[in-house]
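Me: I would like to learn how to read a protein model feature by feature. Could you take me through one slowly, giving the general idea before the case at hand?

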Amino acid sequence: VVDDEVAVESLRKPGFVEEALPWLDAVYRFALRLTRGNEDRAEDLVQETYLRAYRHWETYTPGTSARSWLFTIARNAFLRGEEQRGRRRETLESELEYQTEALSSVAALDEIRGADPERAFFDSFVDEEVIAAVERLPDEFREAVVLSDIEGLSYAEIADVLNVPIGTVKSRLYRGRRLLGQALHEYAVEMGYLRGVRS
Amino acid sequence: MSGESMISCREAVEKLWPYIDGEVTAEEASAIRAHLHACGCCHPHFDFQKAFCNLVGQLARSHAPPDLRKQILACLLAEEQRLAEGGAAGRERSDE
């Protein structure tokens, strides 16, 4: 058993304790979403992330976002782990297709909004249901939604973490939110919170 | 530069997410605000998207298990000791 204070004082890399450790909750949440809610894997991933971060702390530029830097490490470690498990991620389909579709997708939100103007719709959910819906999103959309809507990263920070252009972040975010909105709507209908509006 | 606030509904709705995310210019933001103020059709979109973000954002309340911090500190401490002993110099250099 390690005494937290003793351990913290023994970590000699300057700035690590102050800048990296405070993001532990955020890194854990991100890891949990990456592993689709597998708590054991998420904990292992966070530990691996912090170990790598500590080993490579010299490559972090002070004053930049330590959180994004940690997310990047976590994601790379996760992807490496996935490769080792022989579960290669599917290659992304054309981003152009997403963008075109995103522009014409306002109608989907309309249906949800129209079904419940008082927004009791949103009040009807508990965290577990939202988490389950987030976890069912395809990887590339889930990452964008989690980093933006749960962790509050800017588009530029998300682009850094995911190593894609900002335009791609926008389209994935748009599409991911739309899918999530639809999933929540379907769930609400299924559970009888909402009446299905089928035409 | 004329008619800055006269953006169309389509334009306003397309920019709503970036607006909510704080990712538009000050000029765009004021055009969208003006549009929302004047347009009864688009305001519900804004309400919906804002509520959606709040709903998803509330997941950020969850915390890491208390033991995880201890485990990580123990792991880092071990690493620090390895470093102090000079044993980790050539190891794991290719991992990031």
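Me: Which residues of α4(A) are the buried ones?

Reply: They are A:Ala42, A:Glu43, A:Leu45, A:Val46, A:Thr49, A:Tyr50, A:Leu51, A:Arg52, A:Ala53, A:Tyr54 and A:Arg55. Two of these, A:Tyr50 and A:Tyr54, will come back when we turn to the aromatic rings.

Me: What span should the 17 residues of α4(A) have, and what do the end C-alpha atoms show?

Reply: At 1.5 Å a residue the helix should span 24 Å, and the end C-alpha atoms of α4(A) are 24 Å apart, which agrees with the expectation.

Me: How do I read a pair of aromatic rings?

Reply: A pair of aromatic rings is described by the distance of the centres and the angle of the planes. Over all chains, the structure holds ten aromatic pairs. In one of them, the ring centres of A:Phe16 and A:Tyr50 are 6.3 Å apart and the planes stand at 85 degrees, so this pair is edge-to-face. The pair links distant parts of the chain, since A:Phe16 is in helix α2 (residues 16–19) of chain A and A:Tyr50 is in helix α4 (residues 39–55) of chain A, 34 residues apart.

Me: Are A:Phe16 and A:Tyr50 buried or exposed?

Reply: A:Phe16 has 0% relative accessibility and therefore counts as buried, and A:Tyr50, also at 0%, counts as buried as well. A:Phe16 has a further partner: the rings of A:Phe16 and A:Tyr54 have their centres 4.9 Å apart and their planes at 85 degrees, so this pair too is edge-to-face. Because A:Phe16 lies in helix α2 of chain A and A:Tyr54 in helix α4 of chain A, the pair ties together parts that are 38 residues apart in sequence. A:Tyr54 counts as buried, with a relative accessibility of 0%.

Me: Which residues do the ring pairs link into a cluster?

Reply: The cluster joins A:Phe16, A:Tyr50, A:Tyr54, A:Trp57, A:Tyr60 and A:Trp69 through ring pairs. A charged side chain can also be read against a ring, and here A:Lys13 lies over the face of A:Tyr54, at 5.1 Å from the ring centre.

Me: Where does A:Ser65 lie?

Reply: A:Ser65 lies in the loop between α4 and α5 (66–84) of chain A, and at 24% relative accessibility this residue counts as partly exposed. Leaving aside neighbours within four places in sequence, A:Ser65 is in contact with A:Tyr60 and A:Glu157. The C-alpha atoms of A:Ser65 and A:Ala20 are separated by 9.7 Å, although these residues are 45 apart along the chain.

Me: How many helices and strands are there in each chain?

Reply: Chain A has twelve helices and zero strands, while chain B has five helices and zero strands. Buried residues make up 51% of the 199 residues in chain A and 39% of the 96 residues in chain B. Among contacts in chain A between residues at least 6 apart in sequence, 70% join residues at least 24 apart. Chain A exposes about 9800 Å², and carbon and sulfur atoms supply 48% of it.

Me: What should I keep in mind about confidence?

Reply: Where pLDDT is low, the predicted coordinates should not be read in detail. Chain B averages a pLDDT of 83, with 84% of the residues scoring at least 70. Over residues 1–5 of chain B, however, the pLDDT is below 50, and this stretch has six contacts in the model beyond near neighbours in sequence. The model as a whole scores ipTM 0.74 and pTM 0.76.

Methods
Residues are numbered from 1 along each chain as its sequence is written. Chains are lettered from A and ligands numbered from 1 in the order in which they are written. This is a predicted model: local features need pLDDT of at least 70, side-chain atom pairs count only at pLDDT 80 or more; totals for chains, interfaces and linings use all residues. Side-chain values use heavy atoms; hydrogens and water are left out. pLDDT is the predictor's confidence in each residue, from 0 to 100. Contact means heavy atoms within 4.5 Å. Rings of Phe, Tyr and Trp (its six-membered ring) pair if their centres lie within 6.5 Å; planes under 30 degrees apart count as stacked, over 60 as edge-to-face and the rest as tilted. Helices (H or I, at least four residues) and strands (E, at least two) are DSSP runs, numbered from the N terminus. Buried means under 20% relative accessible area, exposed over 50%, partly exposed in between (1.4 Å probe, protein chains only). A charge sits over a ring if NZ of Lys or CZ of Arg is within 6 Å of the ring centre and within 35 degrees of the ring normal. The expected span of a helix is 1.5 Å times one less than its number of residues. Accessible areas come from the Shrake-Rupley method with a 1.4 Å probe; for residues, only the protein chains shown count as cover.
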